[in-house]
Amino acid sequence: MKIKFLFNLLFLGMLTGFSQSFFYLIPLVVLAYFFFYKKIILAQSLKESFFTGWIFGTGFFFGSMHWMVNPFLIYQKHFLLFPLGLIVFPIVMGLFFVIPTVSIFLTRKTKIFKEKKIFLQSFFISFFFFVSELLRSKIFGGLPFNLSGHMWALKSDFIQISKFVGVYGISFLTLLWIMVSINLFNRKNFKLSFFMFVFFPTFFLSFSFLWNSEDKKDNEATILVRVVQPNISQEKKWNRLFFQQNIEKLVKLTNEKNSQKDKIVVWPEAAITLYLNEEKDFLRYLKKEIPSNITIITGGLRREISKSKVRVFNSLYLINEKIKFYDKRKLVPFGEFIPLRKWVDFLKITPGSTDFSAGQELEIIKDNVGGQSYFFEPSICFEAIFQTFSDSESQFLINVTNDAWFGNGLGPRQHLSAQIFRAVEKSTPLIRSSNSGISVITNEKGKIVEKIKLGKDGFIELDLKLQSRKTFFEKNGNLSLVFLILLTFLLFYLIDIIYHLKIKSKSYF
């Protein structure tokens, strides 16, 4: 394979990966896939199709997730490991793109491809790419970052279909949109290609009118919510010399312009770098410094000590008259625990030598403020990029995170984009407090209502309307995705029949 060919593939992958993070660059994503698909169908051997996918995939993950190098640059002892994030990670993850390229090579001699059934071809090509996304979202703990559907995330009107088919549904439809448009263009059917290019986004947009959230009662219950973003650097956050200074900053942002109205105030992940379940003196200090009308929801550490072992948890605490907590269930490999610790103990990125333990189950936390009861679904850091299903409903979602690990590039933006889909899938507001990143309050459509920008400190506050109702997706889960794929297959099969009948009738006359 020629160096120029490999370089072109690498560049196309980088362009696709980078452009997916920006709504206005979506046309570049389609253009990159156009040239990538041309290279796929020109592959002369299984080996060539394998490397076509691998090189493109390496470029994709380098372009989209180059920020993975940032955790290795925070502490000096990890500096020599930065190639793991910059080079090894994209090379390994790039293998997922081998799945669609090899699958296309192996099936292009089948009847569907020989008979030039454009729509069914587009369906299967999209399906191969979708399977690749689904697998990387599930195996080895999963990494559902930069899914195809995420490119629409920050334009909430385009993602309301997620209330019916979830984020994987919109990812599948996005890939279908790209491949149908490309295939029709390649067959020189420019008018129909342009029609399909416009139709899919219009179809997505139409769902914003099908789930009207504005028809609410005037007497609907509300709760006042404040989100704090202290913007404390990672070096200072875990340094004991700065502990008091960090806490004072959090307290100041909590008390600033405080009204007498009862409210909850949300602090970020591990805002309190103590085993809070053991710190009675510190809890008394907090209650002294913070007015009684405020309930604090914060990230902190929790420890359980028994005769046989010590267990440490990354937890979310609710602090008022009583203390409630939730333990993080989905831990970050090499950040919160070390797989195969016996051999790779030196790879732990976060401070401390002890692995975190995983929480057991998702719990809806219930409490009340000023006599108003409320209940919410908690999550910590990247837990919120994974879909969750519970028998209980929630009135809003609270995510506490620390995006200081991700730097000031694409990482915090992609993290937020992935989390916004939980609000849409559940038709539930998202309250997100980040230590350093992007803190937001969204409505149930995933639209950002209040925001603290990346790299800034401060607080945002909103009177949040309380509601709870399950969406079609919550009731049916990813069975709706299976239904969508089967329905699309049947629809495209019929369209191909009609399309070819039309072409034959034209050639006959």
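Residues are classed by relative accessible area as buried (under 20%), exposed (over 50%) or partly exposed (in between), with a 1.4 Å probe and protein chains only. The model is predicted, so that local features need pLDDT of at least 70 and side-chain atom pairs count only at pLDDT 80 or more, whereas totals for chains, interfaces and linings use all residues. Residues are numbered from 1 along each chain as its sequence is written, and side-chain values use heavy atoms, with hydrogens and water left out.

Rings of Phe, Tyr and Trp (its six-membered ring) were paired if their centres lie within 6.5 Å; planes under 30 degrees apart count as stacked, over 60 as edge-to-face and the rest as tilted. The count by this rule is 49 aromatic pairs. One of them, F195 with F199, is stacked, at 5.9 Å centre to centre and 20° between the planes. F195 is partly exposed at 49% relative accessibility, and F199 is partly exposed at 38%.

The pair of F243 and F282 is tilted, with 5.9 Å between centres and 55° between the planes. F243 lies in helix α11 (residues 243-255) and F282 in helix α12, so the pair ties together parts 39 residues apart in sequence; helices are DSSP runs of H or I of at least four residues, and strands runs of E of at least two, numbered from the N terminus. F243 is buried, with a relative accessible area of 14%, and F282 is buried at 9%.

N293 is located in the loop between α12 (280-289) and β4 (294-305). N293 is buried, its relative accessible area being 9%.
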